[in-house]
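Please keep the sequence and the 3D view at hand while reading.

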Amino acid sequence: MRQIVIFPALAYLMTFLPCYAQNILTEIRDILPKEIKVEGFRLDHNQDVEIEAVGFRPRKRGTVLSHAWILNAETRDLVWELEDANVSDKGRRLAEFDDKVSLPKGNYEVYYSTFPHGRYGRKDGLGDFIGRIFDEIFSKDEFEDYEDHRRDWQEFKIVVRGYGRRFKENEMGEFRNIFNKNAFVSMIGLRDDEYLQKGFKIEKPVDIQIYSLGEARRDGTFDYGWIMNTETHDKVWKFNYRDSEYAGGGKKNRYVDEIITLQPGRYVAFFVTDDSHSYLHWNDAPPYDPAFWGLTIKPENPEDSKYVKDYDFERVSEKNVIVKFDRLRDNEFRSEGFTCKKDLKVHIYAIGEGQRNEMFDYGWIVDANSHKKTWEMDFRNTEHAGGGDKNRLFDGVIKLDKGSYIVYFVTDGSHSYWDWNAAAPHDQENWGITLSAADADFKPGDISEYDEKRDSNILAKIVQVRDYEQERERFTLQKDSEIRIYAIGEGDHGAMYDYGWIEDANTRRVVWEMTYRRTEHAGGGKKNRLFDDTLLLRKGDYIVYYETDDSHSFSNWNTGQPYDPMNWGITIYLVDEN
């Protein structure tokens, strides 16, 4: 058999063979409106690849009706997109694109998308400005007019030629595994209404790479993740609009690719999605890297993988629970007291309802002796709990001094466990509040039940007063004494409707009265009023009164109840001389 000898010079020239001698590395055709297709290829050496495509003609006003691009499968970097190519007309609507791009040896993914979107800039500001113009000018009806021209769509294609191997769409998982090889958190290809978590522990300081794609706008974050230190409950990283970049496609697609350092400790990564715009269910143009919609975390240095270990994380542990109100329904009011025998760190996990800076289903804690509010679940200290926008979550640690406390949780007449009027939160079983001891050296004996015995310093107590009531109690001072008056009632526009006063029992002279000017807001509805101060009275006999009108009283509130509803009324204390 004769052997064919190829001289070195000829071998060198063969690297420059014309495109007809190259392999087809990618060929995507038969693309329908609002569809995205992907194929891949592997290059065994550095080379120029030839690209040809057909799509809608570029529009001067910034709208994109068809788009194609190429990603480096190993780094997830964008290496080419259709707008970089040469353009020539192919009729009134269509254009032909051709280009040549130099690519190093490696694996690549090719995408073709027919979702309409604006041509946004890489930087914030310009992209948003152009996006607003696009939203005003480009109408849904106009795109539907394009959808009717089926012959145009049949010509859509992208073909990539070079020397290497072609990979079909069903083989693309092999490419994604390359990037994910050392990932200890991989939550990708996420769909609607997902809620995922993954615990891990770090044994020495490790630089980690966070690669995440989600949905965010200036006015809110909808598909996003975060990393929490499980010992302190501090968020060490969070996906948001401000710290992310435009991810391609629709302007709400955002991505993060950054390196942070994690110190030794235990952590948990979360990712949540809302009810629209996610992998394979896009309601706007998908991002450049749709398959990685979600969160990927891996060591920057693969050698550091040995310092990262998995661990089972429980969002709400049954261990060291102090108070737990869960699965709460409409119109519920729960309260429970406890006593800390020493200063204690407490983990609070609470899910409720809030909107436009106001809470409707929420919890709070008061000091059982002073009745002062110690902690409250409000709109500012909560975050989205998944599902409907009004689902709110508090997940944090507070410090309680030695003493007794009462935990409250209240729900209104709608949107609660098993009776949602919007999408349920991701963790609907824990609608309510759970308090757990967070100290590492906690012992069960550090907490005891709250003993609500009558305080020996209480001279008179009229509380939990209902509508249309007038109650009174007598008390006697054996000597000139200072008393503390703690009263909660109803007042508005300078007048009081539920209030108390004190009379001298012998002269019937009023020695103190609860007025609007002397009170302050008592929490909840703005008409809840509080008086909490001291008064010096002479030795003698006194009568304390409390009177209510026909609405808004204990257990019959017509607006938000006060922070200390159990003490709606008046309590008189003898101030300890010491």
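## Aromatic pairs

In this predicted model, the count of aromatic pairs comes to 33. One of them joins tyrosine 112 and phenylalanine 156; the pair is tilted, with 5.9 Å from centre to centre and 40° between the planes. Tyrosine 112 belongs to strand 9 (residues 106–113), while phenylalanine 156 is in the loop between helix 4 (150–154) and strand 11 (157–162), so the pair ties together parts that are 44 residues apart in sequence. Tyrosine 112 and phenylalanine 156 are both buried.

Another pair is formed by tyrosine 211 and phenylalanine 292, and this one is edge-to-face, at 5.9 Å centre to centre and 65° between the planes. It links distant parts of the chain: tyrosine 211 lies in strand 15 (residues 206–217) and phenylalanine 292 in the loop between strand 20 and strand 21 (294–299), 81 residues apart. Tyrosine 211 counts as buried because its relative accessibility is 5%, under the cut-off of 20%. Phenylalanine 292 has a relative accessibility of 0%, so it counts as buried by that rule.

Ring pairs also link Tyr195, Tyr224, Trp226, Phe270 and Phe313 into a cluster.

## Charges over rings

| Charged residue | Ring | Distance from ring centre |
|---|---|---|
| Lysine 298 | Phenylalanine 179 | 3.7 Å |
| Arginine 392 | Phenylalanine 379 | 4.1 Å |

## A loop residue

Where is asparagine 180 found? It is in the loop between helix 5 (173–179) and strand 13 (185–187). Asparagine 180 is buried because its relative accessible area of 14% is under 20%. Leaving aside residues up to four places away in sequence, asparagine 180 touches Ser186, Ile188, Phe292 and Thr296. Phe292 is also the ring partner of tyrosine 211.

## Strand 14 and its partners

Strand 14 (residues 195–202) and strand 20 (residues 265–272) run antiparallel and are joined by eight bridges. Strand 14 also pairs with strand 22 (residues 308–310), again in the antiparallel sense, over three bridges. Which residues stand opposite phenylalanine 200 in strand 20 and strand 22? In strand 20 its bridge partner is tyrosine 267, and in strand 22 phenylalanine 200 stands opposite aspartate 310.

## The chain as a whole

The secondary structure of the chain comes to five helices and 41 strands. The radius of gyration is 34 Å, well over the 25 Å that the globule rule gives for 578 residues, so the chain is more spread out than a compact globule. Along its principal axes, the C-alpha trace spans about 130 × 55 × 35 Å. Buried residues make up 51% of the 578 residues. Of the contacts between residues at least 6 apart in sequence, 80% join residues at least 24 apart.

## Confidence

The chain averages a pLDDT of 89, and 90% of the residues score at least 70. Over residues 1–20 the pLDDT is below 50, and this stretch has six contacts in the model beyond near neighbours in sequence. Residues 122–141 also have a pLDDT below 50, with 29 contacts beyond near neighbours in sequence. Where pLDDT is low, the predicted coordinates should not be read in detail.

Key
Residues numbered from 1 in each chain as written. Predicted model: local features only at pLDDT ≥ 70, side-chain atom pairs only at ≥ 80, totals over all residues. Heavy atoms only, no water. pLDDT = per-residue confidence, 0-100. Contact = heavy atoms within 4.5 Å. Pairing = 2+ DSSP bridges. Helix = DSSP H or I, 4+ residues; strand = E, 2+ residues; numbered from the N terminus. Buried < 20%, exposed > 50% of the residue type's maximum accessible area, 1.4 Å probe, protein only. Phe/Tyr/Trp six-rings, centres within 6.5 Å; stacked < 30°, edge-to-face > 60°. Lys NZ or Arg CZ within 6 Å of the ring centre and 35° of its normal. Rg over C-alpha atoms; globule rule 2.2 N^0.38 Å.
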